Amino acid sequence: MQDLVEKLQQYARSGTPAERKIAKYFSDHLSDLSVETAASIAVQLDLSPMTVGRFLRTLGYQGLGEIRPDSNDNAVFSAWQVNDHLDVLHKDMQDGQLLTEMMAKQIDALQQLHTMTTQPIWAAAVQAIISADEVFVASFHNIGGVARYFTEQLTYARDKVRYMDGQNGTYAELLGRDAGNSLLIVITCRRFASKSRTLARTAKKAGHKVLLITDPHCDWSREAADLTLVLPTTRPRMWDSFTPLTALLDFLLTSVIVAGGEATSQRTRRISELQDIFGDFMRR
């Protein structure tokens, strides 16, 4: 591990611009590399997976899998654990340091998300949502609330949007019919990957287009999704934050609204008329 740290420090000082960027990222996230992929790192650094792979080879590794044994002892396997003693957290809270660190990480995540919105994969995801005849959204457990809210907001931008809670045990509303020009959006993370993976793979095999929104620890996106948006890497001291996910979904919704043009404007006007008819929303 020490040899790797020294190499990274050297490249961070004297490497090419891309090498310096990757070296700094590796140095800052050594304990997280065990659950990273070259593709997820590339997305966050606005580089190609080939560039990340080439840098790994200059370090003497053929892939991240060879680094994992070195960093395994420091890896964070559960984002829901408390990574500091409670007395340390209590002191940092009193000093204002804990919330300051959290805010800094959130700002960094937002900056990474902004970079993602300028990449081709973002435009492809927006176009997939706009052009689909129907859009289905699925998620699991506590993320389900965020996904359901995104689904409701998306109905302002286009029609035929449906959230699937999986309570029927079959997802027949999607899988029990011809695929046609439908899109499935799966919003998931590492902890819920088992069910997410099954649903995404089954839908893709049946001919449905699949957009996966997931964290950097997902290593099965290529086999189960047509498009993947990867959340920024974060290393929480206490538990997961939904801020990067909600921000990504807000950015995605805004992009869809803008790209939808006049069709979206007509849709929102009609919904506004319906709100007036049923009187659920106050107007000044």
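Which residue in strand 4 does isoleucine 185 stand opposite? I looked this up first, keeping in mind that I am working with a predicted model. Isoleucine 185 stands opposite leucine 211 in strand 4.

Is strand 4 mostly covered or mostly open? I found it mostly covered: of the 6 residues in 209-214, 5 are buried.

**Entry: strand 1**

Next I followed strand 3 to another partner. Strand 1 pairs with strand 3 in the parallel sense, and I noted 6 bridges between them. Strand 1 also pairs with strand 2, residues 161-164, again in the parallel sense, over 4 bridges. I picked phenylalanine 136 to see both pairings. Its bridge partner in strand 3 is leucine 184, and its bridge partner in strand 2 is arginine 162. I checked burial too: strand 1, residues 134-139, is largely enclosed by the rest of the structure, because 5 of its 6 residues are buried. A reminder to myself for reading these strands: in a regular strand, side chains alternate between the two faces of the sheet.

**Entry: helix 9 against helix 13**

On to the helices. I looked up helix 9, residues 143-154, and helix 13, residues 243-278; their axes come within 11 Å and cross at roughly 15 degrees. That angle is under 35 degrees, so helix 9 is roughly parallel to helix 13. The crossing is right-handed. From helix 9 the contact uses Ile143, Val146, Phe150, Gln153 and Leu154, and from helix 13 it uses Leu245, Thr246, Leu249, Leu252, Leu253 and Val256. I sorted these residues by type: 9 are nonpolar, 2 are polar and none is charged.

**Entry: helix 2 against helix 3**

On the helix 2 side I listed Lys21, Ile22, Tyr25 and Phe26, which meet Ile41, Gln44 and Leu45 in helix 3. This contact divides into 5 nonpolar residues, 1 polar and 1 charged.

Technical notes. Residues numbered from 1 in each chain as written. Predicted model: local features only at pLDDT ≥ 70, side-chain atom pairs only at ≥ 80, totals over all residues. Heavy atoms only, no water. Buried < 20%, exposed > 50% of the residue type's maximum accessible area, 1.4 Å probe, protein only. Helix = DSSP H or I, 4+ residues; strand = E, 2+ residues; numbered from the N terminus. Pairing = 2+ DSSP bridges. Axes fitted to C-alpha atoms, helices over the stretch in contact; angles between N-to-C directions. Parallel < 35°, antiparallel > 145°, perpendicular 65-115°, else oblique. Left-handed = near helix turned anticlockwise from the far one by under 90°. Contact = heavy atoms within 4.5 Å. Nonpolar A, V, L, I, M, F, W, Y, C, P; charged D, E, K, R; others polar.
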